[in-house]
Amino acid sequence: MAKGTPKPEELTSSIDYNPPATGWRETPVDFKEGTFCHGARPSYLQDVGFPNAREWAPADSDWKLPENWKEIFLEAMGERLKKYRSFQLFMDICVRCGACADKCHFFIGTGDPKNMPVLRAELIRSVYRKYFTTAGKLLGKNAGARELTLDVLKELWYYYYQCTECRRCSVFCPYGIDQAEITMIVREIFNLLGLNTDWIAGPVSNCYKKGNHLGLEPHTITSNIEYLLDDIEEITGIRIEPTFNRKGAEILFVTPSGDLFGDPGTYTAMGYLMLFHELGLDYTWSTYASEGGNFGFFTSMDMAKRLNYKKTRQA
Amino acid sequence: MGIFFSFFMVILLVLIAYFGIAAAGLHTLFGIIIPYAAFVTFCIGFLLKVIKWGRAPVPFHIPTTCGQQMTLPWINYSKLDNPSSTSGVIGRMILEVFCFRSLFRNLKTGLNNGNISYASDKWLWLAGLAFHYSFAVVLIRHLRFFLEPVPALINTIDSLDGFLQVGVPHFLLSGGVLLIAALYLFFRRTSNPQVRYISLPADYFPLFLIAGIALSGIIMRYISKVDIIKVKQLTVSLAELKGNAPEGIGTIFFIHLFLICTLLVYFPFSKLMHMGGIFLSPTRNLPNDSRIKRHINPWNPEVKVHTYEAYENDFREKMKGAGIPVEKE
């Protein structure tokens with residue numbers, strides 16, 4: 001989406017760690033070009049049976065949300081507050097000390113205060129106070145509460161997809177508040193409204209149907225590995241012959257995402273192909289569970305389980 | 001903002017106590033009824049909150065890992081930063097609760113001529129530690145008002161706290177440190193642009209309240225002295241559940257007491273519950289043993305999966321063409 005790739009100097013010179021003059025509740029969200037992904041295309045969501053699949057674009061003013069989006073959101077939030085101690089606790093105990101503020105790479109790289117983990121969490125915490133705490137219901141803004149409006153929903157979406165769930169903030173938090181956990185739960189709620197990104201929904205659908213995020217079909221996997229074997233033979237003179245989907249092998253080898261296809265992962269793949277050959281392991285590859293990454297974590301806990309199933313089933 | 005709002009709320013509380021005693025003479029209300037009500041609210045509120053947290057399950061093991069995981073015996077692993085056993089978790093929690101270990105890691109990120117740089121930043125850790133420890137000492141010291149005879153341990157803490165032996169009565173370090181630390185935390189909150197940006201009234205109010213408590217206590221001890229014998233009569237009668245408020249203690253004492261009661265009532269409904277929450281935080285109180293033990297989500301839902309059979313049906317011809325074994329021909 002970005003027009004041309006900016007130089008590092010251009011990027012760092014535009015960073016300003018000073019927050020804007022207007023308070024964060026009064027600063028409307030600005031969908032900056034190049035900082036967000038496309039909306040998930042409907043077919044990807046239909047593949048895994050997710051609701052409210054439709055054509056939509058984050059930059060559009062109309063997100064074609066279902067009529068009762070607010071009820072869906074709040075009901076799902078209430079359910080998750082009861083299901084996850086982490087979520088309930090992290091909504092209650094933050095003291096806003098700011099230790100996490102400059103630990104997030106999204107904040108370090110943009111200077112946008114809403115990318116400070118504490119403020120990213122406050123975006124949803126303010127909604128929590130409004131609908132789930134007595135003080136927030138009674139005192140409103142003075143208790144740090146705010147209404148869930150369409151603008152708030154868009155702001156949540158924009159900033160909750162600017163989190164890689166790396167959990168660095170939780171290392172520095174004196175109470176271990178983990179933004180990754182909050183991100184996962186809020187994205188779960190977004191999925192009920194069909195608000196995923198194409199970059200996540202695509203790999204999820206591919207992992208589900210084809211066993212790897214790139215969507216490589218079985219014959220493509222074997223022929224890709226053939227290329228790697230040809231290269232190895234050319235350099236070392238040794239022809240390695242791994243097996244695929246062989247029953248009775250001692251070890252099922254599940255490779256990290258991307259090693260099958262893209263550089264430099266392929267070099268790693270060539271390395272361990274040679275290592276396994278040298279060690280003489282009795283192992284086999286699987287085309288059905290053809291990589292280890294679980295893209296479900298970017299979607300929902302249940303989706304993660306649906307994808308993990310593959311690896312255990314094949315074993 | 002919220003600074004002025006919170007400040008005036010505390011001033012308002014002071015005025016309520018002042019007029020309640022000095023003008024209306026409501027000694028029983030401010031000396032007996034409110035303290036009991038506040039104490040009960042605190043205990044029940046605290047308990048209910050912890051029960052609410054405790055009832056929510058922890059479906060996944062999510063300890064934050066800050067070091068090498070336990071894998072093979074010949075690879076050194078980080079026992080405290082990535083604990084794999086209960087003893088490691090206990091060690092981690094002790095360091096967290098007593099030494100604020102995570103805050104000790106704090107770094108400051110800055111930009112120097114277009115380069116991102118990091119520097120050590122321990123001021124928050126130091127101020128936080130000073131604040132909490134001095135508060136703890138002040139609390140323990142105050143037990144002398146509720147216990148008769150006063151335990152020797154409390155007298156020892158008292159004499160350590162006043163070891164400077166300056167002034168009459170001896171200046172107690174804890175009260176001064178508490179006030180200074182609270183003021184530093186306020187200064188930090190307003191001077192650091194990022195922290196100022198995220199601050200809510202709920203952040204300023206407890207700071208002003210605690211500073212007010214410390215200040216009124218210091219005033220009472222060193223400047224506008226109260227009748228300490230009568231104070232002890234009141235506090236012991238509270239502890240013995242007799243509730244008997246003598247007159248002529250001095251208004252400043254009731255201001256001090258009313259601010260404390262406000263803190264007790266406010267506590268369970270606010271961020272101050274981090275005191276209980278730290279013990280329940282799943283990123284800190286769990287061992288990282290998910291590769292050693294299998295943990296099953298308590299509601300473990302049935303999910304729809306794409307089975308191997310379905311996969312083979314999708315790709316059977318292609319698999320055969322590539323020489324991959326299939327289950328059904």
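At roughly what angle do the axes of helix α1 (residues 3–23) of chain B and helix α11 (residues 251–266) of chain B cross? In this predicted model, local features need pLDDT of at least 70 and side-chain atom pairs count only at pLDDT 80 or more, while totals for chains, interfaces and linings use all residues. Residues are numbered from 1 along each chain as its sequence is written, and chains are lettered from A and ligands numbered from 1 in the order in which they are written.

The axes of α1(B) and α11(B), taken as lines fitted to C-alpha atoms over the stretch in contact, with angles running from 0 to 180 degrees between N-to-C directions, cross at roughly 135° and come within 9 Å. The helix α1(B) is therefore oblique to α11(B), an oblique angle being one left over when those under 35 degrees count as roughly parallel, over 145 as roughly antiparallel and 65 to 115 as roughly perpendicular. Residues in contact, with C-beta atoms, placed from the backbone, within 7 Å, include B:Leu13, B:Val14 and B:Ile16 in α1(B), and B:Phe254, B:Ile255 and B:Phe258 in α11(B). By class, this contact has 11 nonpolar, 2 polar and no charged residues, where Ala, Val, Leu, Ile, Met, Phe, Trp, Tyr, Cys and Pro count as nonpolar, Asp, Glu, Lys and Arg as charged, and the others, Gly among them, as polar.

Between the chains, 56 residues of chain B are in contact with 64 residues of chain A. The largest share of the side of chain B that touches chain A, 6 residues, comes from α13(B), and the residues of that side divide into 35 nonpolar, 14 polar and 7 charged.

Key
Two residues are in contact if their C-beta atoms, placed from the backbone, lie within 7 Å. Helices (H or I, at least four residues) and strands (E, at least two) are DSSP runs, numbered from the N terminus.
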